[in-house]
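Visitor: I have a structure open and would like to talk through how its parts are held together. Could you walk me through it?

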Amino acid sequence: QVQLVESGGGLVQAGGSLRLSCTASGNIFSINAMGWYRQAPGTQRELVATITSDDSTNYADAVKGRFAISRDNAKNTVYLQMNSLKPEDTAVYYCNAFIRMIGTTYYGNYWGQGTQVTVSS
């Protein structure tokens, strides 16, 4: 089995910063792309940022220049540094990863349980 566990969410004032972490554990052979998505109440889950195994990144327009995604392959961990936070960034943030388990030949799509980020005005 594989698990993704997020941490680092919380309450912050507008203009502040938070750093989210997500660590994958289990019978992991390799990890391909990793990313962060978010879902605000009454909306669909949306992409925030992704990072490939060779560190190519992609960001939603709404977060470009404010958020930075990175990964530590030795720790099976992806990070999301969020700066200049705005009230509209308030959402549950979900970690996502494409993981190949030991003994398999394919990459499965895995999700974390989500962590709440609330930005007050």
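Visitor: Let's start with the strands: in which sense do S9 and strand S10 pair, and over how many bridges?

Guide: Bearing in mind that this is a predicted model, S9 and strand S10, which covers residues 108-111, pair in the antiparallel sense over four bridges. Within that pairing, Asn-96 has Trp-111 in S10 as its bridge partner.

Visitor: And what do S9 and S10 form, with how many residues between them?

Guide: They form a hairpin with six residues between the two strands, and in the turn Gly-103 has a positive phi of about 85 degrees.

Visitor: What about S3, which strands does it pair with?

Guide: Strand S3 (residues 18-26) pairs with strand S1 (residues 2-7) in the antiparallel sense over six bridges, and Ser-7 stands opposite Ser-21 of S3 there. S3 also pairs with S8, again in the antiparallel sense and over six bridges, with Met-82 in S8 as the bridge partner of Leu-18.

Visitor: Switching to charges: how many salt bridges are there?

Guide: The count comes to four salt bridges. One of them joins the side chains of Asp-89 and Arg-38, at 2.9 Å from N to O. Because Asp-89 lies in the loop between strand S8 (77-82) and strand S9 (91-101), while Arg-38 belongs to strand S4 (residues 28-39), this pair ties together parts that are 51 residues apart in sequence.

Visitor: Are Asp-89 and Arg-38 buried or exposed?

Guide: Both residues are buried, and for Arg-38 the relative accessible area is 6%.

Visitor: Which other residue forms a salt bridge with Asp-89?

Guide: Arg-66 does, with the closest N and O atoms 2.8 Å apart. Here too distant parts of the chain are linked, since Arg-66 sits in the loop between strand S6 (57-59) and strand S7 (67-72) and Asp-89 in the loop between S8 and S9, 23 residues apart. Arg-66 is buried, as is Asp-89.

Visitor: So which residues are linked in a network of salt bridges?

Guide: The network links Arg-38, Glu-46, Arg-66 and Asp-89. There is also a salt bridge between Lys-64 and Asp-61, where the closest N and O atoms are 3.1 Å apart, and Asp-61 counts as exposed, at 64% relative accessibility.

Visitor: Back to Arg-38: what else does its side chain make a polar contact with, and what does it touch?

Guide: The side chain of Arg-38 makes a polar contact of 2.9 Å with the side chain of Tyr-93. Leaving out residues up to four places away in sequence, the residues that Arg-38 touches include Gln-44, Val-48, Phe-67, Glu-88 and Val-92.

Visitor: Now the rings: how many aromatic pairs does a search of the whole structure find?

Guide: The search finds one aromatic pair. Tyr-37 and Trp-111 form this pair, which is edge-to-face, with 5.1 Å from centre to centre and 65 degrees between the planes. Tyr-37 lies in strand S4 and Trp-111 in strand S10, so the pair ties together parts that are 74 residues apart in sequence. Trp-111 is partly exposed, with a relative accessible area of 35%.

Visitor: Last one: which rings have the charged end of an Arg sitting over them?

Guide: The charged end of Arg-19 sits over the ring of Tyr-79, 4.1 Å from its centre, and the charged end of Arg-45 sits over the ring of Tyr-94, 3.7 Å from its centre.

Definitions and conventions
Residues numbered from 1 in each chain as written. Predicted model: local features only at pLDDT ≥ 70, side-chain atom pairs only at ≥ 80, totals over all residues. Heavy atoms only, no water. Buried < 20%, exposed > 50% of the residue type's maximum accessible area, 1.4 Å probe, protein only. Pairing = 2+ DSSP bridges. Polar contact = N/O pair within 3.5 Å; in protein donor to acceptor, adjacent residues only side chain to side chain. Contact = heavy atoms within 4.5 Å. Phe/Tyr/Trp six-rings, centres within 6.5 Å; stacked < 30°, edge-to-face > 60°. Lys NZ or Arg CZ within 6 Å of the ring centre and 35° of its normal.
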